[in-house]
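This report is written for a reader who is meeting the structure for the first time. Please look over the sequence and the model before reading on.

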Amino acid sequence: MPAAFALGASFGVLARASHVGALAAVVMSGTTFAGSAQVAAISVLGGGGTVAAAVVAALLLNARYAVIGMTVAESFRGSVLRRFGESQLVIDESWALSGGGTPRFDRRVMLGVGVALWVGWVGGTAGGALLGGLIDPSSFGLDGAFAALFLALLAAQLRSRRAVVAAAGGALIAAVLTPVAPPGVPILAATVAALAGWSRT
Amino acid sequence: MSAAWATVLAVGAGTAALKAVGPVVVGGRRVPPRLFGVLSMLAPALLAALVVVEGFAAGRSLVLDARLAGLAAGALAVALRAPIWLVVLAGGAATALVRLIG
């Protein structure tokens, strides 16, 4: 939860510096509740990309949640509304800590971890957004801060050889397309590199 | 509606649907392993592209500027297993410092 608070605060500061209002930042953390996608969306907007490019980039980053949700779907019971509400707490960390992907998945642990992370994440965003309103972004090195944050989020994903191949491919595609394509497009095109996941390990 | 709010609402609704599709719609069916593999590689591919664009793109050209110092400071912080807020602060501060000197 302290880690969720710290990442939330970072998002809040960066969102304000990117001309996203404090309320919009907090609403985004409460509803989307997925760090890398939120940072990606405000980064694409801040870099001159369209709303469509920002939304598509964020949703592609979150596409893995459709699959993660399916791996634990059996454990969810009750009404549609209840299953919908509980499903919103399935994120990378709560899934992994509750045994997601193994036969020992525990829905109650997932819900507990998810609620704690959500509180830390939304609270951190609110704190960061208030703090961010006091900082002058032009003197802050905002773009360098974004780049460093994406690097940290990427480092956490590089747990397999395939992930390294996918990352190298995505970086190469973005570098090649930046001079020739409109802002936002090089990031979306980098999804092709995810085909590195096609091979069986 | 501002671009920021339109993005917030669309990403929020889309993400909620993605998270819900398994528990609400699909039930206990098995996910094809290749689909799982490709979808789980989207995050590393996109995050690497975001590092390139946010670190090196200036409009439609690739440049080496103060952000390189931010990336280097961020990489060092990651290598030292620093907490994420410190990585962000190191990246922003190093970039700002190089701009101030340069």
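The sections below take up the model and its numbering, the two chains, their contact, and some local details.

## Model and numbering

This is a predicted model, in which local features need pLDDT of at least 70 and side-chain atom pairs count only at pLDDT 80 or more, while totals for chains, interfaces and linings use all residues. Residues are numbered from 1 along each chain as its sequence is written, and chains are lettered from A and ligands numbered from 1 in the order in which they are written.

## Chain A

Chain A holds 11 helices and 0 strands, where helices (H or I, at least four residues) and strands (E, at least two) are DSSP runs numbered from the N terminus. Its radius of gyration, taken over C-alpha atoms, is 18 Å, close to the 17 Å that the globule rule gives for 201 residues, so chain A is as compact as a globular protein of that length; the rule itself is 2.2 Å times the number of residues to the power 0.38. The C-alpha trace of chain A spans about 50 × 45 × 25 Å along its principal axes.

Of the 201 residues in chain A, 59% are buried, a residue being buried if 20 or more other C-beta atoms lie within 10 Å of its own, exposed if 12 or fewer, and partly exposed in between, with C-beta atoms placed from the backbone.

## Chain B

Chain B has 5 helices and 2 strands, and along the sequence these follow the pattern α-α-α-β-β-α-α. Its radius of gyration is 19 Å, whereas a compact globule of 102 residues would have one near 13 Å. The C-alpha trace of chain B spans about 60 × 40 × 30 Å along its principal axes, and buried residues make up 50% of the 102 residues.

## Where the chains meet

The contact between the chains takes 72 residues from chain B and 91 residues from chain A, two residues being in contact if their C-beta atoms, placed from the backbone, lie within 7 Å. On the side of chain B that touches chain A, H1(B) gives the most, with 20 residues. The residues of this side divide into 50 nonpolar, 16 polar and 6 charged; here Ala, Val, Leu, Ile, Met, Phe, Trp, Tyr, Cys and Pro count as nonpolar, Asp, Glu, Lys and Arg as charged, and the others, Gly among them, as polar.

The contact is made by Ala3(A), Ala6(A), Leu7(A), Ala9(A) and Ser10(A) on H1(A), together with Ile84(B), Trp85(B) and Val88(B) on H5(B), and by class it has 7 nonpolar, 1 polar and no charged residues.

## Local details in chain A

Of the 16 residues of H1(A), 14 are buried, which leaves this helix mostly covered. H1(A) is followed by His19(A), whose phi is positive, near 65°.

Leu130(A) lies in helix H8 (residues 107–132) of chain A, and it counts as partly exposed because it has 15 C-beta neighbours inside 10 Å. Leu130(A) and Gly12(A) are 118 residues apart in sequence, and their C-alpha atoms are 7.8 Å apart in space.
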